[in-house]
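Keep the structure in view as you read.

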Amino acid sequence: MSEATAALQVIDLTKTFPGVKAIVGVSFTAHPGEVHTLLGENGAGKSTLLKTVFGVQRPDSGEIRVDGNVVEFARPSDALAAGIAMVHQELSLVPQMTAIQNVVLGTERNRGGIIDWKEARERATASLTRLRFDAPINIPVSQLSVAQQQLVELARALSTDARTIIMDEPTASLTTAESERLFEIIDDLRASGVAIIYVSHRLKEVLELSDRVTVLRDGQLVATLLRSEIQSEDDLVRLMVGRQLDAHGVGPGDTQPGEELFRIEHVTVPGVVDDVSLTVRRGEVVGLAGMVGAGRTELARAVFGADKRTSGDIWVHGKKVVIRRPLDAIRAGIALLTEDRKHQGLSLDMTTASNVTLMDPPGRRGFINRRVQRDVATAALKPLNTKMQVDRPVRTLSGGNQQKVVLARWLRQDSDVYIFDEPTRGIDVGAKGEIHAIMRNLADRGKAVLMISSDLPEVLAMADRVVIMRRGRVVAELDRDEADEETVVRHAAAE
């Protein structure tokens, strides 16, 4: 396929920040009717590249061409006007607005200066229906789950009739069924001549969807390959990280779980969690599986005291603990890594060092010792195999490195019970393996680990035991040798 047919060309693009070369001389071409996947570890430059293409930030050098013509985007609206839409990994919705308002935001059509809300509702509803969106569309999106908000992001891109659509980790919060529906839509878009620029850390997904793959490492282009030139997931891993990795998780431990360490009984949150009980033993990783809307995140937040429960008891080390707020949970030895790190896990405008030490900043008499704070944060991050400047705002980090900042903060607390809610959402294969190893290490040290994940292969690879929720209730509990994808999905999706 010739460059003359290109929908979008990026030529020798470079973008630097103080002390960081984010992308250096990167080039790639997206053709109509193709899925072109960008791969790389967190921090490889993918997000910077996409934000530059979409007009969020300006490149230092290089050029962007749309339909063969050189373009310069000062803002995302310029990219939209040129026929480029983007589905962001970190949700960019306005929390106070409804799904309908968010879908048409920035593309509202008007008559005589008045927004045509009839047309807006019809266009938004058509896009949401295409995604089989079954949540309320007239309530603030802040009241929707992260997965439901992700579908609203997708609907926004679909509503623009763009000729090039950038999808940054679109399946990170979707169930298997929702992901399969998305793939059907991508096939339809491809057949209609739309160019898809796709980012995913799920290598199986990459192999199934891609026509072409571009790999970045440390901000530089490693290779662009046709799908027919890629033999296996291992080929992609070697290109991404420059070394061999196990892309499927570290698996269960060799030691047998000990006595019960964590127990919840009859926890109820009206409308979302209904009389849930479960246990986690010392040295055990329990996977909590279920479809979106099953109540898993709501259960975790209720146990942690972030949301109010109307009933239910919590036990740690055989002792009943009273938890009315997160501070009570922390004092009881419970840690929660939230599903939404951007809004619930981090203070984005604070530095990395401040976020790592947020619960116990070093200092005296109300004054923080910044030098000690930097040293503490650097030491806490070192075991997580990450390189970052701890004095920079945490919002400048990649999604994977932001997750490591949250994790470093909790590991410093040395809690007894760790609840991980979607711990590897939007995380590259290298960082995913590291986080899996950390969870297994915690279990091997005698901690209790409860892992919530929509990535079923991850649950099956990591969990010693799988608890399945449906519509707010526990419907099954499976030992490791009983659990497989078919059995879990059957329990999770049954009517």
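Strand β9 (residues 164-168) pairs with strand β10 (residues 195-199) in the parallel sense, over five bridges. Met 167 has Tyr 198 in β10 as its bridge partner. The model is predicted: local features need pLDDT of at least 70, side-chain atom pairs count only at pLDDT 80 or more, and totals for chains, interfaces and linings use all residues. Residues are numbered from 1 along each chain as its sequence is written, and side-chain values use heavy atoms, with hydrogens and water left out.

**Terms for reading on**

- Helices (H or I, at least four residues) and strands (E, at least two) are DSSP runs, numbered from the N terminus.
- Two strands pair if DSSP finds at least two bridges between them.
- Axes are lines fitted to C-alpha atoms, for helices over the stretch in contact, and angles run from 0 to 180 degrees between N-to-C directions.
- Contact means heavy atoms within 4.5 Å.

**The six-stranded sheet**

- Six strands form an open sheet with mixed pairing, in the order β6-β9-β10-β3-β11-β12.
- β6 (84-87) and β12 (220-226) stand at the edges with a single partner strand each, so one side of each has no neighbour in the sheet.
- From one strand to the next, the twist averages 15 degrees.
- Helix α5 (residues 146-158) lies across β6 and β9. Its direction runs at about 175 degrees to β6.

**The four-stranded sheet**

- Another open sheet has four strands in the order β2-β1-β4-β5, and its pairing is antiparallel.
- Its edge strands are β2 (20-30) and β5 (69-71), each pairing on one side only.
- Here the twist averages 30 degrees from one strand to the next.
- Strand β4 (residues 61-66) and β5 run antiparallel, joined by three bridges.
- Arg 65 stands opposite Val 70 in β5.
- Helix α1 (residues 46-53) packs on this sheet and touches β1 (8-17), β2 and β4. The direction of α1 makes about 115 degrees with that of β1.

**A hairpin**

- Strand β23 (residues 465-470) and strand β24 (residues 473-479) run antiparallel, with six bridges joining them.
- The bridge partner of Met 469 is Val 474 in β24.
- β23 and β24 form a hairpin with two residues between them. In the turn, Arg 471 has a positive phi of about 50 degrees.

**Helix pairs**

- Two packed helices are described by the angle between their axes and the distance between the axes.
- Angles under 35 degrees count as roughly parallel, over 145 as roughly antiparallel, 65 to 115 as roughly perpendicular and the rest as oblique.
- A crossing is left-handed if the near helix is turned anticlockwise from the far one by less than a right angle, and right-handed if clockwise.
- For contact residues, Ala, Val, Leu, Ile, Met, Phe, Trp, Tyr, Cys and Pro count as nonpolar, Asp, Glu, Lys and Arg as charged, and the others, Gly among them, as polar.

*α4 with α5*

- α4 and α5 pack at an angle of about 120 degrees, and their axes are 9 Å apart. The two helices are therefore oblique to each other.
- α4 passes α5 in a right-handed crossing.
- Ser 127, Leu 128 and Arg 130 of α4 meet Leu 151, Val 152, Ala 155 and Leu 158 of α5.
- This contact of α4 with α5 has five nonpolar, one polar and one charged residues.

*α13 with α14*

- Helix α13 (residues 370-381) packs with α14 at an angle of about 100 degrees, their axes 9 Å apart. α13 and α14 are therefore roughly perpendicular.
- α13 gives Val 376, Ala 380 and Leu 381 to the contact, and α14 gives Lys 404, Val 405, Ala 408 and Arg 412.

*α14 with α15*

- The axes of helix α14 (residues 399-413) and helix α15 (residues 429-444) come within 12 Å and cross at roughly 15 degrees. That makes α14 roughly parallel to α15.
- The crossing of α14 past α15 is left-handed.

**Salt bridges**

- A salt bridge is a side-chain nitrogen of Lys or Arg within 4 Å of a carboxyl oxygen of Asp or Glu.
- The whole structure holds 28 salt bridges.
- Glu 119 forms a salt bridge with Arg 123, and their closest N and O atoms are 2.8 Å apart.
- Both residues lie in helix α4 (residues 117-130), four residues apart, about one turn of the helix.
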